[in-house]
Amino acid sequence: MREFDYRRASDVPGAVALLGAEPEAHYLGGGTNLVDLMKSGVERPALLVDVRELPLDRIEVTDDGGLHVGATVTNSDLAAHPEVRRRYPALTQAVLAGASGQLRNMATVGGNLLQRTRCAYFTDVSKPCNKRVPGSGCPAIAGEHHNHAILGASPHCVAVHPSDMGVALTAFDAVVHYVTAEGPHEVPLAEFYLPVGATPHRETALPAGALITGITLPPAPDAAASCYRKVRERASYAFAIGSVAAALDVRDGTVRAARLAFGAVASRPWRAHAAERALIGGPATAEAFAAAADAELAAAEPLPGNAYKVTLIRNLVVAVLTELAAECRRTEEATR
Amino acid sequence: MTTATTPTAPVVGAVGTAHTRVEGRDKVTGAARYAAEIPFAELAHGWLVVSTVTRGRIRSIDAAPVLAMPGVLTVLHHGNAQPLETQYTGPMGAPDPTLQIFQHDRVPHAGWPVALVVAETSEQAREAAESLVVEYDLEPHDVAFADGHPGTYVPESTPRAAAERTKGDLAAELDASAVVVDAEYTTPEEHHHPMEPHAATAYWDSGRLEVVDTNQGSIYVAQELAQLFSLDASAVRVRSEHVGGGFGAKGTRAHQVAAAMAATVLHRPVRVVLTRRQMFSLIGYRSPTAQRVRLGADADGRLRALHHQGLNQTSTVYEFVERSADVARAMYDADAHHTVNRVVRLDVPSPTYMRAPGEAPGSFALECALDELAERCGVDPIVLRARNEPAVGPVSGLPYSSRKLLDCFEVGAGRFGWAERDPRPGLRRDGRWLLGTGTAAASFPTLAGPSTAAVTAEADGTFTVRITAADVGTGARTALTLVAADALEVSPDRVTVRIGDSDFGQAMLAGGSAGTRSWSWAVTLAAHDLREQLALGGHVPPEGITARSDTTAAIGALPPRERHAYGAQFAEVAVDVTTGEVRVRRMLGVFAAGRIVNPLTARNQFVGGMIWGLSMALHEEAVRDGATGTHVAPDLAGYHVAANADVPLVEADWVDDPDDEDPVGIKGIGEVGIVGAAAAIANAVWHATGVRHRHLPIRPDRVLAPWDEALPRPSEDRD
Amino acid sequence: MAPSTAGAITLTINGEKHTLPVDNRTTLLDALRERLGLTGTKKGCDQGQCGACTVLLEGRRVVSCLQLAVAAEGREVTTIEGVADGDRLHPVQQAFLDLDGYQCGYCTPGQICSAIAAIEEHAAGWPSAVTTDVRPEAGVAPLTPEEIRERMSGNLCRCGAYVSIVQAVARAAEETAQNTSGANEMNVAGAA
């Protein structure tokens, strides 16, 4: 690990100013990904600006009934917050499905959005990787890509975004707030991650030096019937090989509203717009759910080693939506 | 003053009674110090640099810029390292050249040690090591392990291990069989990954090389280092007080050699700790295997032919044979037997012994094949095994020291509820989960290694046992305390057992499930001798009275026999074929493994072995990148071992089976727990789904694959 | 502003203030082990993938291998050396000892620190990934073996002592709950 300077910021403008003064600088949140990448030599910052003491650690109900979550709120606090559990249960489930109790106590919401792929070629500095060293190649395509992308990838990179939290946030139309020297800005999470294309090293729409200050979740009355299901290669403490965040509003057997996002299938949490369009207004049946999944997965371009993910996601969509439809039916009957 | 004749109530019966670990308090309070935790003044930190290429030659090592970095003391490499002795027969036979570090410019595999950077602090050493520029001339490599590799050969047999054994006319018996199972099974590259990384601190003290280490046999490490550095055996002392797991990986490895080299150059203590990543290439591993099993049987399941062939990989510098086919030789009767272990040399690190070497992968193939035969014959899997129970060794013709396999099945079947099992697959469901149960047999050889021990009656009425044993988590320190207490007829709290110091003399290493048996034997002999001396009466002088033992003659006099521990494994699994997830719901193992010294720690160890089997069945797999020949994701996030959430209630129990040749009645329990466990789980997955999984691990994508096309499509989902 | 890549930090460890010089690269784990001689905290993987280095930071469990020491400046750390009450073992330590919740002992300090926090997290009403209904209205799910397994999954045990680890955590949690409810009753009695 390269030697580096360390500064602890006490206010947001101060943090942005500190970072702006050093071209090879990073903000340090929980450090669960950054410190690991520094140890493996993937990241070699000259300066770390510690943002953990910034006053960005609150979760508040917004005037319109949504939630604002500060960037330094830990994963644990986010998952345990009663308003999150009440309004967006799938978000709590997604956060709890990630990492371990220890890591969730350290990791922050802002850092989670910016975590890097766990593609083994990216994290091994002895190997080529277009994301780490632009133009060096993507050995995963011809090599080990068991847990790589089936959607939205490019010939330059097939890595997946590892976040669970991000999948639920994507389904709930989260908006990212950030600050630059010019002032505060916001960008919908749907536009936060850039398409891979020929520039896999450019991951987000954040301008250089920008500091994420928080996210807002718009009110989502339909989110009460929501859930997150994650499949991984051991029962806990492992990254997803496929996951689904979903919310469903079914009345009289017809889908009124649907939210659907996939994890571990693309370079970003994947909002399944085509599937949602196919679902809304249609019947709440397993056939319709499967057809909706197929509508989304029609664009899948699996590699030889990860074609199973198409089946896995399709099956997960059917299973999760079937469960949620049953929940809606029970609620409907109870209120009648 | 205490005399030898002071009356004390003789306490016999410590062996067989549950005792918490004698070092338990130290372990739960953090007071127990492991190898990298002993403080030293003037300690320097060494960091190994390993090759990033798979095969070639080192063209250059640019040490100068690194030597100029803060705190850096030296950079050792093939251009400046002291010569090591390479031609010798070590305690484990011909040495693995992997130990002969920095002797030449050749790189035979990825992760080969090419340099050691030593600095004042570990942070400085790490950054300097990672900054060291090493250039290579690349040569083409071959890391593609597969059955049918043209380099496959049958290794030379050794006096202790035949590569190939045959009996009868295999082809004729196969032809005459009503039912033939012919199946190929594979297991992947698996790694030990003790939680404590390898760590050694070396220093010179009064002309002796002292090494504070974490290992499975300090005398073995001391002897190997003495030979490598051309020192008298008495000039090397290795100590290893607490060991954070070994499983076969903690022998002599590059880190001890590197630390000793650097301590010699710098004249100060040097510590070398391996990183988790380096452990993938420097400490050995279990080779992947490709196995073929052919079973020919009469319609009722009686075996006429048993053919088991194994294939494993080894490095280009050292031959290691993973003896997968051996387990069949003493397990089941058949008119014709053919078992053979084959090897292929690839540009990979040398594999080594890993918990139940041979038996773990071998039993997966054999015990799954038995289950397939049971299905084909319409015979219950336990009945099938009983039908093929041998009276004497099927190939050796030797009598069994004891063989209580069927007792294990009987007790286990009763407790597991096997009698209520419907043998048909794919019938049981609990929500999204398909349920199934499976069974398999387990066996592991009962071995003993010559050992010496010293037992001292101290002047204060206590007793001290000294033996170069290792407690790698087995509870050996506690077991030996109980064994000594019984042999001395005193309470265990009057016995102190000191282990892990090569100065205590020759003793078996912690391996082959033979540690506690071998050491207990020596301790018992010495204790009996001491009691005889004490019985003569008189005062115990301040230095105490010491009796010594050596079991070489006793063990050498053991007649040829089939000696094994046995077990019956049971597992229940739940499989979601729509996601590919497999969850083990319960496991039960019933073992016949000699006298159980400490039921508390023994149960834990059996269960731990079974969890290794679970982890092998569902999770473990090291993957290589074909293009570079290097590992993909060599870390504990990429190499999954079972986490707590993967492990259900796992129960182990045993039947009475004291070994009549061993003074304490011990057989050995360290390895039999893993044997057959993966097969029981794979057989249960078949029972749940109707699909045979012959390739480990049983990953979600493999479970999904056969169902991919069979899943209900919208148009088929109408009725 | 000249970059400073090292400096002195103050940490409160097990109730005692320590001022120590650190390289900014030094992790809390290495500071404990290499600078302070507190070697009870173990280094298993050094990359947040095993949990052996678990300590309590401001009362919460974290992996100390990914926590830079300099970023913990001014905070309170509890390590395995600080969880017992003098000679009296913490209920979690005692349960691990009595029920053999370990084998080699190397993951044990991390398991124990993690278990202490996991029991507190559950008592505070935090759900887990196996909690069926995470909505606050559903109340706190009982600390079943399945809940313990999930909550303890950030601590790998290669020896495979998970079964007795779960039993030890369950016993300690029960004792803790009894003691807590006893204390509450006393408070109520005192108020009356």
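# Close-ups of a predicted three-chain model

**View 1. Chain C comes in two parts.** In this predicted model, chain C is split into domain 1, residues 6–82, and domain 2, residues 91–186. Their C-alpha centres sit 23 Å apart. Where the two domains touch, domain 1 of chain C brings 17 residues and domain 2 of chain C brings 17 residues.

**View 2. What gets covered up between the two domains of chain C.** Put together, domain 1 and domain 2 of chain C bury about 1,300 Å² between them. Carbon and sulfur atoms account for 56% of that.

**View 3. Charged and polar links inside chain C.** Look for the one salt bridge across the interface of domain 1 and domain 2 of chain C. The side chains of Glu121(C) and Arg61(C) meet in a salt bridge, at 2.8 Å from N to O. As for polar contacts, seven residue pairs are counted between domain 1 and domain 2 of chain C, both residues at pLDDT 80 or more. Strand E3 (54–57) and strand E4 (60–63) of chain C each give at least two residues to the side of domain 1 that touches domain 2. The largest share of that side comes from E3(C), with three residues. By type, the residues on this side of domain 1 of chain C are five nonpolar, seven polar and five charged.

**View 4. Chain C meets chain B.** Now turn to the contact between chains, which takes 52 residues from chain C and 59 residues from chain B. The buried area here is about 4,300 Å², and carbon and sulfur atoms give 53% of it. On the chain C side, which residues lose the most area to chain B? Gln103(C), Arg158(C) and Tyr162(C) do, together making up 20% of what that side buries.

**View 5. Links across the chain C and chain B interface.** Six salt bridges turn up across the interface of chain C and chain B. Zoom in on Glu37(B) and Lys42(C): they form a salt bridge, with their closest N and O atoms 2.8 Å apart.

View 6. Five helices of chain C each supply at least two residues of the side that touches chain B: H1 (28–35), H2 (91–99), H3 (108–123), H4 (145–151) and H5 (162–191). Which one gives the largest share? That is H5(C), with six residues. Sorted by type, the side of chain C that touches chain B has 21 nonpolar, 15 polar and 16 charged residues.

**View 7. Chain A and its two domains.** Chain A is divided into domain 1, at residues 5–50, and domain 2, at residues 221–335. The centres of these two domains, taken over C-alpha atoms, are 37 Å apart. An unreviewed UniProt entry places the feature "domain: FAD-binding PCMH-type" at residues 1–222 of chain A. Across residues 1–222, chain A is 26% helix and 17% strand, and the end C-alpha atoms lie 47 Å from each other.

Definitions and conventions
Residues numbered from 1 in each chain as written. Chains lettered and ligands numbered in written order. Predicted model: local features only at pLDDT ≥ 70, side-chain atom pairs only at ≥ 80, totals over all residues. Heavy atoms only, no water. Domains from an automatic or database assignment. Contact = heavy atoms within 4.5 Å. Buried area = accessible area lost by both parts, 1.4 Å probe. Salt bridge = Lys/Arg side-chain N within 4 Å of Asp/Glu carboxyl O. Polar contact = N/O pair within 3.5 Å; in protein donor to acceptor, adjacent residues only side chain to side chain. Helix = DSSP H or I, 4+ residues; strand = E, 2+ residues; numbered from the N terminus. Nonpolar A, V, L, I, M, F, W, Y, C, P; charged D, E, K, R; others polar. UniProt positions renumbered as here; feature names shortened; annotations may be inferred.
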